[in-house]
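Please keep the sequence and the structure in view while reading.

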Amino acid sequence: MEQVLLIRNKIYEIRGQKVMLDFDLAEMYELETKRLKEAVRRNIERFEGDDFMFRLTREETVEFSRSHFASLNKGRGYNLKYAPFAFTELGVAMLSSVLNSKMAIEVNRGIMRAFVAIRRMLVEPPADSLLEMRNELNKLKIYVEEAFADYNDINEDTRVQLELINQTLAELQTDKKPEKPRNPVGFIKPGNNTQLD
């Protein structure tokens, strides 16, 4: 099962098809990418048609490099220098007839199982996950409703507090003590009771 999950992470959708790229396959087969491509070129008639294999365009290669590798790796052989071959499920199956090593046969079994598992998931999503998603959605709905109820309670509490504050301020204004006569402001000369302007 772990091998199937590992392989599923190396299956990409390009041009609307689920494919595996030559460098991933070469790594899994424990070959150099160059050797894999040589074997394919020697048997190119087995891979005729886009339903078996196609080569990525320059634009697709650049886009794939950007979207799948956040930063370019340093060193020789790490970056996509040449447009890779993309193998569909049929192409990967055909590779098993071109590469006859024990490793290639074992890896191809795992790859076929991964393609079947993906197809099965697309056609028949697991019922458990649908039920789980429904339950999560219901929990989220209940949480949102409770949050809005709490928000409305806070607003009502705030409104009551503001009314109490306004009422208290109104009472303070009506209970105001009469003002005392104030002393005049300014300089007064001694002996003279008149104020200077």
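**The sheet and the helices packed around it**

In strand β2, the bridge partner of Glu 13 is Lys 18. A further pair involves Ile 14, whose bridge partner in β2 is Gln 17. These residues belong to a predicted model, in which local features need pLDDT of at least 70 and side-chain atom pairs count only at pLDDT 80 or more, while totals for chains, interfaces and linings use all residues. Residues are numbered from 1 along each chain as its sequence is written, and side-chain values use heavy atoms, with hydrogens and water left out.

The chain has seven helices and four strands. Here helices (H or I, at least four residues) and strands (E, at least two) are DSSP runs, numbered from the N terminus. Along the sequence, these elements follow the pattern α-β-β-α-α-β-α-β-α-α-α.

The strands may be taken up in more detail. Strand β1 (residues 12-14) and strand β2 (residues 17-21) run antiparallel and are joined by three bridges; two strands are said to pair if DSSP finds at least two bridges between them. On β4 (residues 85-87), β2 has another antiparallel partner, and two bridges link the two strands. Within that pairing, Met 20 has Phe 87 of β4 as its bridge partner. Overall, four strands form an open sheet in the order β1-β2-β4-β3, with antiparallel pairing. Its edge strands are β1 and β3 (53-55), each of which pairs on one side only. From one strand to the next, the twist averages 45°.

Helix α2 (residues 22-29) packs on this sheet and touches β1, β2 and β4; its direction makes about 55° with that of β2. Such angles run from 0 to 180 degrees between N-to-C directions, and axes are lines fitted to C-alpha atoms, for helices over the stretch in contact. Contact means heavy atoms within 4.5 Å. Is α2 buried or exposed within the structure? Seven of its eight residues are buried, so α2 is largely enclosed by the rest of the structure. Buried means under 20% relative accessible area, exposed over 50%, and partly exposed in between (1.4 Å probe, protein chains only). The buried residues of α2 are Asp 22, Phe 23, Asp 24, Leu 25, Ala 26, Met 28 and Tyr 29. For the chain, 24% of the 197 residues count as buried.

Helix α2 also packs with α6, at an angle of about 125° and with the axes 9 Å apart. That angle makes α2 oblique to α6; angles under 35 degrees count as roughly parallel, over 145 as roughly antiparallel, 65 to 115 as roughly perpendicular and the rest as oblique. On the α2 side, Leu 25, Met 28 and Tyr 29 take part, and they meet Met 103, Ala 104, Val 107, Asn 108 and Ile 111 of α6. By class, this contact has seven nonpolar, one polar and no charged residues. In this classification, Ala, Val, Leu, Ile, Met, Phe, Trp, Tyr, Cys and Pro count as nonpolar, Asp, Glu, Lys and Arg as charged, and the others, Gly among them, as polar.

Glu 89, Val 92, Ala 93, Leu 95 and Ser 96 of α5 meet Asn 108, Ile 111, Met 112, Phe 115, Val 116 and Arg 119 of α6. The contact of α5 with α6 has seven nonpolar, two polar and two charged residues.

Two loop residues deserve a separate look. Most residues other than glycine have a negative phi. Arg 15 has a positive phi of about 55° although it is not a glycine. Arg 15 lies in the loop between β1 and β2, a hairpin with two residues between the strands. At 40% relative accessibility, Arg 15 counts as partly exposed.

A final value concerns the chain. Among contacts between residues at least 6 apart in sequence, 69% join residues at least 24 apart.
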